[in-house]
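Hi,

Here is the structure I promised to pass on.

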Amino acid sequence: MSETREHEAMEAVEAVPRPNGLRTSPPPAVPGPAQEQAPGTTPDPGAAGGPEPGSAPRTVWPGSSEPLGARFRTGPDGRPGTNFALWAGGAESVELCLFEADGTETRAPLTELTHEIWHGFVPGVLPGQRYGYRVSGRWDPWTGARWNPAKLLLDPYARAVDGDFTLPSEVYAHVRDWPERQIADTVRDNRDSAPLVPKGVVVHDDDDWSDDHRPKTPWSDSVIYELHVKGFTKRHPGIPEELRGTYAGLAHPAAIEHLTRLGVTAVELLPVHQFAHEEHLERAGLKNYWGYNSIGYFAPHSGYAAGGTRGEQVGEFKRMVRALHAAGIEVILDVVYNHTAEGGELGPTLSLRGIDNRGYYRLQDDPRRYADYTGCGNTLHVVQPHVLRLITDSLRYWVTEMGVDGFRFDLAAALARSMHDVDMLSPFLAVIAQDPVLRRVKLIAEPWDVGMGGYQVGAFPPLWTEWNDRYRDAVRDFWRGAQHDVRDLGYRLSGSSDLYAWGGRRPYASVNFITAHDGFTLRDLVSYESKHNEANGENNNDGTHDNRSWNCGAEGPTTDPGINTLRRRQLRNLLSTLLLSTGVPMLVAGDEMGRTQGGNNNAYCQDNEISWIDWSQLDDPDWRGLSTLAARLIALRRAHPVLRRRAFFSGRSQTPGGLPDLTWFTAAGQEMTDDDWFASSHTIGMYLSGDDIPQRDAQGVPITDDSFLIIAHASHRPARFALPGHPWADSYELLLDTTAEDQSRPPGTGYPAGGSVTVPGRSLLLLRALPATTAPAPRMSSP
């Protein structure tokens, strides 16, 4: 250690406030250790606010405290300008920082303070202007105070962001590389971060969406398709190369054609809020590909923009939404309001931490530390009114000004926590329930977090639907032969009434999924029994060990034709089960064409061919049929209301002398008893009565439909299944047999009621129940 470094270290230790002797005024500024500087910068580590601005201060009029953010409008003298408003409850002062194209910074103090909102109107500031904030206050990490005006901060309400977030040491409010790691977060770094961080952009938005027509698809009719904007478009041959990986690429007719041919009603986009990459990924040469590391809740992620990042990304996103709406497809955003990209106490200072750390984040009893219910270092303090406002303002903005149709809330249980415990009467849920905009859009909860008591599947109130991981687990276990009876499967196939039949909730409260972005793809689920995450650089220690997968006899790719045939059949079984179950099915982009990640079940950092969809598989004869099957099943679901019920099954007839709306059968063709549900079995028959649907059309006329028998058989041995006779049917027409490689058209085979059908090992059959007048020519099953 050099003589200078030793002196700095001694001064730093003296400057650290101690818990038994807290200071009431900020400790002295502490220079950081000598480090490599970014090219072209000459930071002055002794200046608490960084280098002085390079031009004269701008005129600032009082302006308004409403709305928050930067809003371009006409000033009191008739000239255009921008009103800036920032909530910073505990701050001592706020400076607005405006940046020219060459990086020159002009500072304008905001001296007006209304209800803890600092505000001012700056005439002459036009759309496209880049800006940020410097916020001053106490530096006392022992009490949770972490103000540092040397750090340029992103406006939480910025509607566009110019530049990428990287994490050099200058963007940390503390000395990141301080040799005494246990106190590093208490040592203030006074070097200027402005040259190294992105800036907010003033955006003018006068779009009234008068030419847009929202699909407004009912929940019961919805089929969700989870996709990544970049991964879905990056390798698509029909999209111009300059548009691949962007919002414009997703709006391209070639991308939309696949969605419409498949028949999905909504795309659920992985996070598109502006996000940053974690330090450990940057050091490893990787990126946060999924985007669950938000830092700008109003800004479309600039990395997905083809047309520019000075506000152009806003218009590009809107045009994407319009194009999808014109095709009848809704847009649902996966949103991350539970934590931000600033991480724990050793994380960077990019926005909220530097505005008011104690006001925005949940802190532990030791205020140096963050309450972490997310596994990502911090948790937003949603109980605080201004934090709740930030979230709800963001949600309303994306609905009213960006045109989206709903949201899937990452780790929603963290948002539902009051002070510590998950509370279904929490302020967040209460506000959503009464909001005239938000209560009308689709709301999907990921109903858990990583904190104690965080698993809340089935507990969210009406208006909400939920990712149903119990559906995922039951279906995976059944088809891999890990279930010894069919009790749990029965609940999952019929809408999970054990979880959702309360409080007026409906079967569509269950978002059924077998795979999601997190975990194996559908193809990998039948090709790997263990995760293979070596490319993530964590020695395969990341990702879940509980995959509930079966490799069908070989780990990974194989040339064994028998294993490959079985794998394709298992994919058809899983896909058919999902799309024939009651509830809202969610597909993952590429699963319908056999996408693989090579066994990686945590590809969050793989911004490459591991994650991008390989569209050539649509031309591969091994996988083309899977996409055809998916489209057939979605069309069948759309055509038959009995497959997308709006009410739970009762097991009773809806009309005098009618059939039960749902009947379960054993392979012997007998109605299942309580003993049958507990008996060892790998076979189940599910009869859906189309004459007993408890719903009416818009004019009050009862809705009727065909009746169907679904036979699911997970054993490797064939089984004889006795087909129920009168009054269930006079005959049956076979519509689907998952053993067939070619799924372009239904088999059309007829079977008489009271006879039997041989169900091949590991297969699913779908039969339509027919009265005698419409029966096809019957064919007895072979003995």
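Serine 627 touches His258, Arg261, Leu262, Glu592 and Leu618, once its neighbours within four places in sequence are set aside. Before you read too much into that, do keep in mind that this is a predicted model. Serine 627 sits in helix α16, and its relative accessible area is 1%, so it counts as buried, the cut-off being under 20%. One of those contacts is polar: the side chain of serine 627 meets the side chain of arginine 261 at 2.7 Å.

Asparagine 600 is the other residue I looked at. You'll find it in the loop that runs between β21 (584-588) and α16 (621-639). Is asparagine 600 buried or exposed? Buried, with a relative accessible area of 2%. Its side chain reaches back to the protein backbone, coming to 2.8 Å from the backbone nitrogen of asparagine 602. Ignoring neighbours within four places in sequence, the contacts of asparagine 600 are Gly519, Phe520, Asp524, His532, Asn533, Asn536 and Gln606.

Next, helix α8, which covers residues 385-400. From first C-alpha to last, this 16-residue helix reaches 22 Å, close to the 22 Å expected at 1.5 Å a residue. How many of the 16 residues of α8 are buried? The count is 12, so the helix is largely enclosed by the rest of the structure.

Then the empty space. Rolling a probe the size of a water molecule over the atoms shows where such space is left. By type, the lining of the largest cavity splits into eight nonpolar, five polar and two charged residues. Which elements supply at least two residues each to that lining? β12 (224-227) and α2 (229-233) both do.

That's what I have for now.

Cheers

Methods: Residues numbered from 1 in each chain as written. Predicted model: local features only at pLDDT ≥ 70, side-chain atom pairs only at ≥ 80, totals over all residues. Heavy atoms only, no water. Helix = DSSP H or I, 4+ residues; strand = E, 2+ residues; numbered from the N terminus. Buried < 20%, exposed > 50% of the residue type's maximum accessible area, 1.4 Å probe, protein only. Polar contact = N/O pair within 3.5 Å; in protein donor to acceptor, adjacent residues only side chain to side chain. Contact = heavy atoms within 4.5 Å. Nonpolar A, V, L, I, M, F, W, Y, C, P; charged D, E, K, R; others polar. Expected span 1.5 Å × (residues − 1).
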